[in-house]
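This report takes up the disulfide bonds of a protein chain and then turns to its nonpolar core. The sequence and the model come before the discussion.

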Amino acid sequence: MLTGGAALIKYLLFVFNLVFVITGIVILTIGAVILAEYGTYEGLLDGNYYSTPGLLISIGVIIFLVAFFGCCGSIKENYCMVLTFAVLMIAIFILEVAGGMAGYMLSSKAEPLLKKNMMEMLPQYNSTTGPWNREDWDSLQKNFKCCGVESPADWMTHTALFNETFRYPLSCCSLDDPKKCSLDAPPSNATGIYKDGCLMSLEKFVSDNAITIGGTGIGIAVIQLIGVVLTCTLAKNIKQGYETV
């Protein structure tokens with residue numbers, strides 16, 4: 001039976017396990033939410049933007065399983081369980097740092113990737129088989145209140161996609177009544193048309209989520225360093241207790 005400072009560390013580790021489980025819930029939730037949001041833009045993003053939040057979800061599930069060793073090991077003062085918990089905590093720490101770094105790296109790569117893919121998807125506006133079609137473009141332009149990729153002028157080379165008399169899709173209209181929008185006018189004279197392209201808004205959306213992944217992974221990893229220290233200290237005290245018996 002541990003006494004004094006060693007007993008305090010034992011109960012601190014038990015309390016930390018509750019915090020550990022909460023961090024697991026947080027990281028799993030953030031990963032699931034971002035993965036769902038990125039899923040809306042499938043075809044514009046590559047696999048890395050889905051695997052990174054997927055990694056957070058996996059870490060969250062692993063945390064729930066690993067917490068068992070921490071709780072049981074600290075209460076039972078079992079050296080093997082506590083040591084196993086310490087090793088698993090270090091492995092989770094490495095995964096979280098890797099996920100966090102990947103998030104920050106993805107945030108800087110979003111703009112060129114999105115621009116390339118969005119330009120390629122413009123001609124797919126009327127497609128029924130491609131990854132991006134009328135419904136996807138209309139939803140993007142309405143949600144972000146934008147038109148085209150970098151500007152409404154991007155649509156002018158694809159006017160036959162939606163109406164030969166129009167220069168832009170109806171979703172570029174910013175007014176409640178599309179009849180009041182100058183859908184047939186050049187960008188410089190068009191009224192009631194969203195002036196900004198969708199690239200900037202979508203890039204910010206994707207980058208902000210990638211930064212959230214980075215901050216979550218590294219932030220929680222730092223918190224878990226406390227758990228690693230407590231676990232290693234408790235394992236040392238338990239081992240010393242075995243040796244003095």
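A disulfide is taken here as a pair of cysteine sulfur atoms within 2.5 Å. The model is a predicted one, and on that criterion a search of the whole structure finds three disulfides. One of them joins Cys 173 to Cys 181, with an S to S distance of 1.8 Å, a value that falls within the 2.5 Å cut-off.

| Disulfide | S to S distance | Torsion about the S-S bond |
|---|---|---|
| Cys 146 and Cys 198 | 2.0 Å | about 95° |
| Cys 147 and Cys 172 | 2.0 Å | about 85° |
| Cys 173 and Cys 181 | 1.8 Å | about 55° |

When the bonded cysteines are counted along the chain, the disulfides follow the pattern 1-6, 2-3, 4-5.

The disulfide between Cys 146 and Cys 198 has sulfur atoms 2.0 Å apart. This pair links distant parts of the chain, since Cys 146 lies in the loop between H4 and H5 whereas Cys 198 belongs to helix H5, 52 residues apart. Because the torsion about its S-S bond is about 95°, this disulfide is right-handed. Cys 146 counts as buried because its relative accessibility is 0%, and Cys 198 is likewise buried, with a relative accessible area of 0%.

In the disulfide of Cys 147 and Cys 172, the sulfur atoms are 2.0 Å apart. Both of these cysteines lie in the loop between H4 and H5, so the pair ties together parts that are 25 residues apart in sequence. The torsion about the bond of Cys 147 and Cys 172 is about 85°, which makes the disulfide right-handed, and both residues are buried. For Cys 173 and Cys 181 the corresponding torsion is about 55°, so that disulfide is right-handed too; these two cysteines are also buried.

Attention now passes to the nonpolar core. The largest such core has 52 residues, and those with the most contacts inside it are Phe 20, Leu 114, Met 118, Trp 137, Leu 140 and Leu 202. The elements that give two or more residues to this core are helix H1 (4–39), helix H2 (48–76), helix H3 (79–121), helix H4 (134–144) and helix H5 (198–244).

Which residues are in contact with Met 118, leaving aside its neighbours within four places in sequence? They are Leu 44, Trp 137, Leu 140, Val 149, Cys 198, Leu 199 and Leu 202. Among them is Cys 198, the residue that a disulfide joins to Cys 146.

Key. Residues numbered from 1 in each chain as written. Predicted model: local features only at pLDDT ≥ 70, side-chain atom pairs only at ≥ 80, totals over all residues. Heavy atoms only, no water. Core = buried A, V, L, I, M, F, W, Y, C linked by side-chain atoms within 4.5 Å. Buried < 20%, exposed > 50% of the residue type's maximum accessible area, 1.4 Å probe, protein only. Helix = DSSP H or I, 4+ residues; strand = E, 2+ residues; numbered from the N terminus. Contact = heavy atoms within 4.5 Å.
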